[in-house]
Amino acid sequence: MKYAAYSEYKPSGAEWLGEVPKHWTIKAIKWESPVQRGASPRPIDDPVYFEDEGEYAWVRISDVTEAGTYLEKTEQRLSSEGSALSVKLNAGDIFLSIAGSVGKACISRIKCCIHDGFVYFPRWKSDPKFLYYIFASGEPYKGLGKMGTQLNLNTDTVGSIVIGFPGLEEQVEITCFLDAKTAQIDALIDKKRSLIETLKEKRSALISRVVTRGLPPEAAKAAGLGPEPAMKDSGVLWFSELPEHWSVLRLKHISSRTTVGVVVNPSTYVTDDGVPFLLGGDIREFTIDSQNCNRCSDVVSQTELRKSRLVTGDLVVVRVGYPGVAAVVTEEVDGANCASMMIVGRSDRFCSQWLAYAINGQVGRDQVEIVQYGAAQKQFNISHAVDFSFPFPPLDEQRKIAVFLDFELAVLESMVAKVEAVIHRLTEYRQSLITAAVTGKIDVRRIAA
């Protein structure tokens, strides 16, 4: 929908505002209300300051990060001793983070206390929702970045932001319009995100089905395989049945070479150039990021670190962080080395891409979850992983399974990419609509939501 502009405009003198409607008032935020900082020092690390049934909620940066427009709850509440040390806000007050999620505004719906990671506006008489949308547009922050990147906000920078003030009644009309329109857009975005989750679930279910039961009937026929093979009990916990002509093998019987990348002081081998030196963070399901990874000397990779040198067809499996994520080593990274990951050596008796599907699928994930340990970072030991059990088709069928899944997953990933592009466009439209409304580029008065 195309919205009309106001009839007359005037220069604002602020680059981010441009021209504003002629009847709007232009002034810095500090002339509408002082900008003050939350309390310091913060009442932390002492139980005397906290109480489950305390009158005031204690606001942390994480509470604001997770909140939407309104703050309705926090993880902690303050005792009377704690609230006495803090700045108190009432329901309806607006505040702004200047640390952590810098520039995130929130309107409180509860009695709360804030620390010096926030600023607030104690004498704000205009519509707080209008100011919220000013901040939500992101536009007034332009030029306030530190070194051109991270926002550098404090009471002075926030107070000096120049905005256009329509009358209070018009502010309310603008915020009501934006409430309705952003709710519509957010609902569309939520539907698109749900569609992505459905596609990802379909992807996961397809991998699980094919690596344990074989190709779907029509695909099996096209590949020259029996469409409905007789099934047998697997004898293992991770999958109930498998085709009768398949076997069940442990990982150590699938590949005779299973080892681990550099574990002791891997950073000592990092150089400015050389072959890729892969870490767990460089591995995604089925893909390896060889462009942004560390490097190590090719000579060292072939001599001192030859045990962990990778060749085309090997599998690398993440051990620490996101354990169980696997990818096949391609020709692009042949000769690379790696740190701490499990290496499953290639073999003529199995298809590497098929095994990657088996490990990344539910069968592999279930077994990783049983043996993984660690609170901050999950990980597993290779001594456990070599005993993982997998359904093992004949080699020709493994290859046909890999080809089928490669094609089907490419289709699903293309669909996900298209939906993500729609979400991106909706998000951009949402932002531009907010900016246009709060800067007076469109006249939304008396528009039916």
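Student: What is the order of the strands in the open sheet of three strands?

Tutor: Keep in mind that this is a predicted model. The order is β23-β20-β26, and the pairing is mixed.

Student: Why is one side of β23 and of β26 left without a neighbour in the sheet?

Tutor: β23 (294-296) and β26 (337-338) each have a single partner strand, so they stand at the edges of the sheet.

Student: How do you know that β20 and β23 pair, and in which sense?

Tutor: A pair of strands needs at least two bridges. Strand β20 (residues 275-278) and β23 have three bridges, in the antiparallel sense. As an example of residues facing each other, F277 stands opposite N294 in β23.

Student: How many aromatic pairs does a search of the whole structure find?

Tutor: The search finds twelve. One of them is formed by Y6 and W24.

Student: Why is the pair of Y6 and W24 called edge-to-face?

Tutor: Ring centres must lie within 6.5 Å to count as a pair, and planes over 60 degrees apart count as edge-to-face. The centres of Y6 and W24 are 6.0 Å apart and their planes are at 75°, so the pair is edge-to-face. Y6 lies in the segment before β1 (9-11), and W24 lies in the loop between β2 (19-21) and β3 (25-28), 18 residues apart.

Student: What makes Y6 count as buried?

Tutor: Buried means under 20% relative accessible area. Y6 has 6% relative accessibility, so Y6 counts as buried. W24 has a relative accessible area of 1%, so W24 is buried as well.

Student: How do you know that the pair of Y132 and Y133 is edge-to-face?

Tutor: The distance is 5.4 Å centre to centre, with 70° between the planes. The cut-offs are within 6.5 Å for the centres and over 60 degrees for the planes, and Y132 and Y133 are accordingly an edge-to-face pair. Y132 has a relative accessible area of 11%, so Y132 is buried. Y133 is at 4% relative accessibility and therefore counts as buried too.

Student: What makes you say that the charged end of K27 sits over the ring of F165?

Tutor: The charge must be within 6 Å of the ring centre and within 35 degrees of the ring normal. The charged end of K27 is 5.1 Å from the centre of the F165 ring, and K27 is listed as sitting over that ring. F165 also belongs to an aromatic cluster with F121, W124, F135 and Y141. The charged end of K88 sits over the ring of Y56, 5.8 Å from its centre.

Student: Which residues have the most contacts inside the largest nonpolar core?

Tutor: They are I29, F121, L131, F135, I163 and L178, in a core of 49 residues. The largest share, ten residues, comes from α12. L178 touches Y133, L433 and I434, among others.

Student: How do you know that helix α9 is mostly covered?

Tutor: Helix α9 (residues 352-360) has nine of its nine residues buried.

Student: Why are the buried residues of α10 said to line one face of the helix?

Tutor: The buried residues of helix α10 (residues 362-371) are V363, G364, Q367, V368 and V371. Seen down the axis, they fall within an arc of 125°, so they line one face. These residues pack against α5, α9, α11 (382-385) and β28 (389-392).

Methods. Residues numbered from 1 in each chain as written. Predicted model: local features only at pLDDT ≥ 70, side-chain atom pairs only at ≥ 80, totals over all residues. Heavy atoms only, no water. Helix = DSSP H or I, 4+ residues; strand = E, 2+ residues; numbered from the N terminus. Phe/Tyr/Trp six-rings, centres within 6.5 Å; stacked < 30°, edge-to-face > 60°. Buried < 20%, exposed > 50% of the residue type's maximum accessible area, 1.4 Å probe, protein only. Core = buried A, V, L, I, M, F, W, Y, C linked by side-chain atoms within 4.5 Å. Contact = heavy atoms within 4.5 Å. Arc of directions from axis to C-beta. Lists of a residue's contacts leave out its neighbours within four places in sequence.
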